[in-house]
Amino acid sequence: MLILCNGHAKSGSSFVYQLIEAVVTRTGHPQPEIRKRFLPIRQIPRPAHPYFADFAPGDAANVYSNLPADVLMVVKTHSPLTPDMAELLKQGKMKVVYTYRNPRDAAVSLRDSARREAHLPVTKRRFLGIDTDLDAIQVMANRISHATHWLRNDSVLTIHYQEIVDAPFDLAQRIMTYLGLQVDIIPFLKEHLLNKQRIQEFNV
């Protein structure tokens, strides 16, 4: 099964991705090896982040068709909902967890992240072009239309940022129920919640 972790910028999607990868890995599906075998290189925009992929129309269906039925593969993406994704969701062949946040708060966090990395070389900056509050607001406005399609799909598990902050243990259980998995995820949560600096999306 293909499991996509999606969400707009600064919504906590990286934390949720790491949580889901930890859950799936603990069920005997080592993700780096699986992605290396079944995720096409052409869909990975940043080689340093082989867990992140872009999906054009038809890509999800192609990846699913090459994925053995008994293999779980977790991929992070910010791609919009495509017709083949919608069909895979409808047929129960793919799971999607989508995180979202108040757009105003996300824009403030986005601008703050861009400001804090301004001293870095251009090649190492993740938020190029976000030089003003208006830039951050425009980025979020462009993402909202994508978010709407995901949030309105009944087959998608949607997670608000505040759930991650207020009740991460309950959230982990909700995710596992959605995926149909049960493992001991407490060690992962303790490790990451005791050091939130490891999860950039917790930046306010």
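The legends below describe close-up views of a predicted model.

View 1. Four strands make up an open sheet, arranged as β2-β1-β3-β4 with parallel pairing. At the edges are β2 (73-76) and β4 (157-160), each of which pairs on one side only. From one strand to the next, the twist averages 20°.

**View 2. The pairing of β1 with β2.** β1 and β2 run parallel and are joined by 4 bridges. Leu2 has Met73 of β2 as its bridge partner.

**View 3. Helix α1 on the sheet.** Helix α1 (residues 13-25) lies across β1, β2, β3 and β4. Relative to β2, α1 runs at about 170°.

**View 4. The packing of helix α3 against helix α4.** Two packed helices are described by the angle between their axes and by the distance between those axes. For α3 (residues 59-66) and α4 (residues 83-90), the angle is about 45° and the axes are 7 Å apart. The two helices are therefore oblique to each other. On the α3 side, the contact is made by Asp59, Ala60, Ala61 and Tyr64; on the α4 side, by Asp84, Met85 and Leu88. The residues of this contact divide into 5 nonpolar and 2 charged, with no polar ones.

View 5. Asp84, Met85, Leu88 and Leu89 are the buried residues of α4. These residues lie on the same side of α4, because the arc they cover around the axis is only 140°. The partners against which the buried residues of α4 pack are β1 (2-7), α3, β3 (94-100) and α6. Pro83 and Lys90 are exposed, and the face of α4 that carries them is turned away from its buried side.

**View 6. Gly92 after helix α4.** α4 is followed by Gly92. The phi of Gly92 is positive, near 75°.

**View 7. Ala141 in helix α6.** Ala141 is located in α6 (residues 133-151), a helix against which the buried residues of α4 pack. With a relative accessible area of 45%, Ala141 is partly exposed. Arg104 is 37 residues from Ala141 in sequence. In space, the C-alpha atoms of Ala141 and Arg104 are 9.9 Å apart.

Note on methods:
Residues numbered from 1 in each chain as written. Predicted model: local features only at pLDDT ≥ 70, side-chain atom pairs only at ≥ 80, totals over all residues. Heavy atoms only, no water. Axes fitted to C-alpha atoms, helices over the stretch in contact; angles between N-to-C directions. Parallel < 35°, antiparallel > 145°, perpendicular 65-115°, else oblique. Contact = heavy atoms within 4.5 Å. Nonpolar A, V, L, I, M, F, W, Y, C, P; charged D, E, K, R; others polar. Buried < 20%, exposed > 50% of the residue type's maximum accessible area, 1.4 Å probe, protein only. Arc of directions from axis to C-beta. Pairing = 2+ DSSP bridges.
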